[in-house]
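Biologist: I'd like to go through this fold with you and hear what each label rests on. Can we start from the terms and then turn to the model?

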Amino acid sequence: MSKTILRALAGETLPTPPIWMMRQAGRYLPEYRATRAQAGDFLSLCYNPELAAEVTLQPIRRYGFDAAILFADILLLPQALGADLWFVTGEGPRLSTVTTQADFDRLGRGEMIHETLSPIYETVRILKGALPSETTLIGFAGAPWTVATYMIAGRGTPDQGPAHALKAENRPLFKALIDRLTESTVDYLSCQIEAGAEVVKLFDSWAGSLKGQDFDDFCLAPAKRIIAELKARHPDTPIIAFPREAGERYIGFAKATGADCVAIDNSVSPEWAASHVQVDGCVQGNLASRHMVTGGQPLVDETRHVVEAFRGGPHIFNLGHGITPDADPDNVQLMIDTVREG
Ligand code: CP3
């Protein structure tokens, strides 16, 4: 097994950590903007396997990252379940909302998702044949809680208020939605693996807003179930969990869910994550994305700091969250050079 990402995920401590970057195919790259313009809008790009594969490959060609992440979005699954989905330029996603039993009853289940999602599997198949032999292909899905926050509110929300309100006011409906998303996520990720994804990642971007028992019930338990069912079907496929801003709840998350790696945001220090999370296995993270905008010596210093802090165990270098559209592509190169200088 020579792919460095797979070695780190298997628990190996490498002299130089493998590196990739969340949102590495994105608007900070001129070649991405050109392909997106060719596709029309963002969703047309997601559902066009040739062009989606092309934008996935662009950061690999430019930077030689150790992993490629499938170009798609966590909101394609709700769309495949029957929600309307569109993106408003400069604002973000909009969806038809799920707040009543009648809304929920209109959602589909089971095999029907593949009708919408089959182009995504085709993108994976194209990438399998196109990636350099040393590059690992990562598939992904949103975690049920995070996807539910968008489905309930019909958009992104700063505090996930509408989802917390439904959880409080109609818990059976809220739980039914989490369960439906849990089941479909297993099917969706399984198909990505069957098409050629070598690793899958579960993005729980809003995990930090779940506290106490809610964190156990709606972040940890669905992740555990998804991971157990995926491991039953695909025992050799490593899984990265990203319960963003989980804070102290990062502790023990890998053991509790069966994840092979926990991705860490930059609200916790790398030293804290090394002593509390990396003790259980591989971690991924956690340079602040803003360094990709600001660059300079602070970028170099902070990159070295992250590498040093995690040097004693299995580590995949990444940002703490996705790179932003105002990032400078040269700063990405500087980060990579700094990680690889040893
Ligand atoms: O990481 C990658 O490069 C793979 C592709 C990927 C995208 N979105 C492409 C995308 C992945 C893994 C995602 C995950 C995703 N999508 C998350 C979880 C991770 C996170 O960032 O917290 C969430 C919450 C979404 C939902 C979503 N998609 C939002 C809120 C937005 C709008 C905000 C924005 O950045 O514009 C998107 C759009 C989106 N998804 C873009 C990309 C490249 C920008 C679309 C464009 O080209 O205009």
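Modeller: Two strands pair if DSSP finds at least two bridges between them. Keep in mind that the model is predicted. With that rule, seven strands form an open sheet in the order 1-4-5-6-7-8-9, with parallel pairing.

Biologist: What makes strand 1 and strand 9 the edge strands?

Modeller: Strand 1 (67-69) and strand 9 (315-319) each pair on one side only. The twist averages 25 degrees from one strand to the next.

Biologist: How do you know that strand 7 and strand 8 pair?

Modeller: Pairing takes at least two bridges, and strand 7 (residues 261-263) and strand 8 (residues 282-287) have three, in the parallel sense. So they count as paired. In strand 8, Q284 is the bridge partner of A263.

Biologist: And in which sense do strand 2 and strand 3 pair?

Modeller: Antiparallel, over four bridges between strand 2 (residues 85-88) and strand 3. P93 in strand 3 is the bridge partner of F87. Their hairpin has three residues between the strands, and G90 takes a positive phi near 80 degrees.

Biologist: Which residues come nearest to the ligand?

Modeller: G26, F42, G92, F203 and S205, of 22 around it. Strand 3 (92-95) and strand 4 (136-142) are the elements that give two or more residues to that shell.

Biologist: How do the residues of the shell divide?

Modeller: Eleven are nonpolar, seven polar and four charged.

Conventions:
Residues numbered from 1 in each chain as written. Predicted model: local features only at pLDDT ≥ 70, side-chain atom pairs only at ≥ 80, totals over all residues. Near = placed C-beta within 6 Å. Nonpolar A, V, L, I, M, F, W, Y, C, P; charged D, E, K, R; others polar. Axes fitted to C-alpha atoms, helices over the stretch in contact; angles between N-to-C directions.
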